[in-house]
Amino acid sequence: MGKVYTYEEVQQHRSAESCWVILYGNVYDVTTFVPEHPGGSRIILQLAGQDATEEYDPIHPPGTLEEALPASAKIGTIDESTLPAVEKAPADDPAVEESLMTLDDCLNMDDIEKLATQKMSKKAWAYYYSAGDDLISKRLNNTVYRNILLRPRVFHDVTKCDTSSTLLGNKVNIPLFVSPAAMARLGHPDGEHGIAQACRTYGACQIISNNASQTPEQICAGAAPDQIFGWQLYVNMDIKKSEDMIRRVSKIPQIKFIVLTLDAPVPGKREDDEREGKNVGANLPVRSAAQEGSSSTTTPSPTAASVPTKQGSGSVAAAMFAGTACDLTWHTTLPWLAAQTSLPIVLKGVQTHEDVELAARFAPQIQAVILSNHGGRSADTSPPSIHTLLECKKFCPHVFDSLELWVDGGIKRGTDIVKALALGAKGVGMGRNALFGLGAGGTAGVERVFEILKAEMETAMRLLCVGEIGQLNARHVNARAVERDIFDGVPQGYEEAGLWAKAKKRASKL
């Protein structure tokens, strides 16, 4: 059983030389692990001598503690009667709870986000809400849809409305998928498994985050036999770790494809997240081989990207949470992936038509691309996915014959989904909607998100006189206002001999 410690005794060990923490009622001596923690020693030291369960539990999949620490690190248990009283958060107060709107009162995504914000911790809100720099890309992701107009038709029978479609040949009841959204248990204990259950109810696809707060087995537990999942891959600096995970998820029959994420080789500068992290000890950016820690720090050296942090000595925890590799290339990474899995590859984070065209050359290994700017969380002022979709229609329409083009970012209305589909997207993703739905009401909150968006889709389709997804096309929308803002430079390969000028001249005569 070990010794029973009082809170006052644990409080005496709050330094790098002697660091104890309380987790799940047990006392751990983590002194030797402090310098090895891939997130940096500061995170642990901020929680030294305290009960760190509330900070630790929502962001670490079960089993992490046992793999990260030797059994000898657990030195005893805590006398819970000596723990300080925990003040209730406002949302835990029954009187406040009664004053909040219910899920049924939520009529749109803004209502869902408002309710979630009232119920979640500040740490969860900051992580979900945050985006790069001035949040320009995040806002544009949403507002770009407002500049695309619908073109309703009349005098058609709109009794039936079928929202079913396929993604990579897999049937879905709605072409709205959950983008890889990390740390779902920050917002609600149901976590990614709760999102999966909502996806089962609505026959939707879920892409499981590489940084999920639950294991892939837990997330897929209870999934329908025909339920569709993808697995997001951040290639790890420890390549064996990625290889092991690919083999592991390939054993889950519902996981039908691998999503290789390319738009975050280094973390974007998410200031809301950084500020809240300093207040409450959170520190949740993407870890990178090229850039560690805050995006607000660097060194005077012209070649060092940032202040490095000690990665430890190859511990399991370091392998699990160490940074993403930033040396991926078309001609090295894709052959490596081909040797690891026969599952279709989806590239996430493609933001130019040039890269979409390159992806098409690697079909059929690559079967889809997700046009995405990482929810505005990486390079601020990067284009919304609709811009890239229209770029592809303008410069390389042939790619639609060999790839499925999916989009994500900024979806707030069912009309947004319909507009994207009409412009050629095969699937439409959402991340924050699912996370805020979870924060607003757990699994039921995510189901309400799907319910609202599907109902709005059906209304829009009926007003367009469209009975099924496959009937949507560019004639159902007017995107002229957005087309004015898409890339209009010389496409790659046309620079020499005035080929672009000649091509534009020919096009003007058509």
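Me: What does the protein chain contain in helices and strands, and what share of its residues is buried?

Reply: This is a predicted model. The protein chain has 20 helices and 16 strands. Of its 510 residues, 53% are buried. Taking contacts between residues at least 6 apart in sequence, 74% join residues at least 24 apart.

Me: How is the packing of two helices described?

Reply: Two packed helices are described by the angle between their axes and the distance between those axes. Take helix H17 (residues 414-422) and helix H18 (residues 432-463): the angle is about 55° and the axes are 7 Å apart. H17 and H18 are therefore oblique to each other. The crossing of H17 past H18 is right-handed.

Me: Which residues make the contact of H17 with H18?

Reply: H17 contributes Gly414, Thr415, Ile417, Val418 and Leu421, while H18 contributes Leu453, Glu456, Met457, Ala460 and Met461. By class, this contact of H17 with H18 holds 7 nonpolar, 2 polar and 1 charged residues.

Me: Why do residues three or four places apart on a helix point the same way?

Reply: An α-helix has 3.6 residues a turn, so residues at that spacing point the same way. For a case in this model, look at the residues of H18 in the contact with H17, including Leu453, Glu456, Met457 and Ala460.

Me: Is Val418 buried or exposed, and which residues does Val418 touch?

Reply: Val418, in helix H17, counts as buried because its relative accessibility is 0%. Setting aside residues up to four places away in sequence, Val418 touches Met457, Ala460, Met461, Leu464 and Leu472. Val418 and Pro175 are 243 residues apart in sequence, and their C-alpha atoms are 9.8 Å apart in space.

Me: At what angle do H7 and H18 pack?

Reply: Helix H7 (residues 122-129) and H18 pack at about 165°, with their axes 10 Å apart. That angle makes H7 roughly antiparallel to H18, the cut-off being over 145 degrees. H7 passes H18 in a left-handed crossing. In this contact Trp125, Tyr128 and Tyr129 of H7 meet Arg432, Leu435 and Phe436 of H18. The residues divide into 5 nonpolar, no polar and 1 charged.

Me: Where does Gly191 lie, and what is Gly191 in contact with?

Reply: Gly191 lies in helix H9 (residues 191-202) and counts as buried, at 0% relative accessibility. Beyond its neighbours within four places in sequence, Gly191 is in contact with Ala184, Arg185, Gln214 and Leu438. Gly191 and Leu435 are 244 residues apart along the chain, yet their C-alpha atoms are separated by 8.7 Å.

Me: Which residues does the cis peptide bond join?

Reply: For a peptide bond, the angle to read is omega. The cis bond joins Ala363 and Pro364, with omega about 10°. Pro364 lies in the loop between helix H15 (353-360) and strand E13 (366-371).

Me: What is the phi of Leu135, and what is the phi of Met183?

Reply: Leu135 has a positive phi of about 65°, although Leu135 is not a glycine. Its place is the loop between H7 and helix H8 (136-146), and at 11% relative accessibility Leu135 counts as buried. Met183, likewise not a glycine, has a positive phi of about 55°. Met183 is found in the loop between strand E8 (176-178) and H9. Met183 counts as buried, at 11% relative accessibility.

Technical notes: Residues numbered from 1 in each chain as written. Predicted model: local features only at pLDDT ≥ 70, side-chain atom pairs only at ≥ 80, totals over all residues. Heavy atoms only, no water. Axes fitted to C-alpha atoms, helices over the stretch in contact; angles between N-to-C directions. Helix = DSSP H or I, 4+ residues; strand = E, 2+ residues; numbered from the N terminus. Parallel < 35°, antiparallel > 145°, perpendicular 65-115°, else oblique. Left-handed = near helix turned anticlockwise from the far one by under 90°. Contact = heavy atoms within 4.5 Å. Nonpolar A, V, L, I, M, F, W, Y, C, P; charged D, E, K, R; others polar. Buried < 20%, exposed > 50% of the residue type's maximum accessible area, 1.4 Å probe, protein only.
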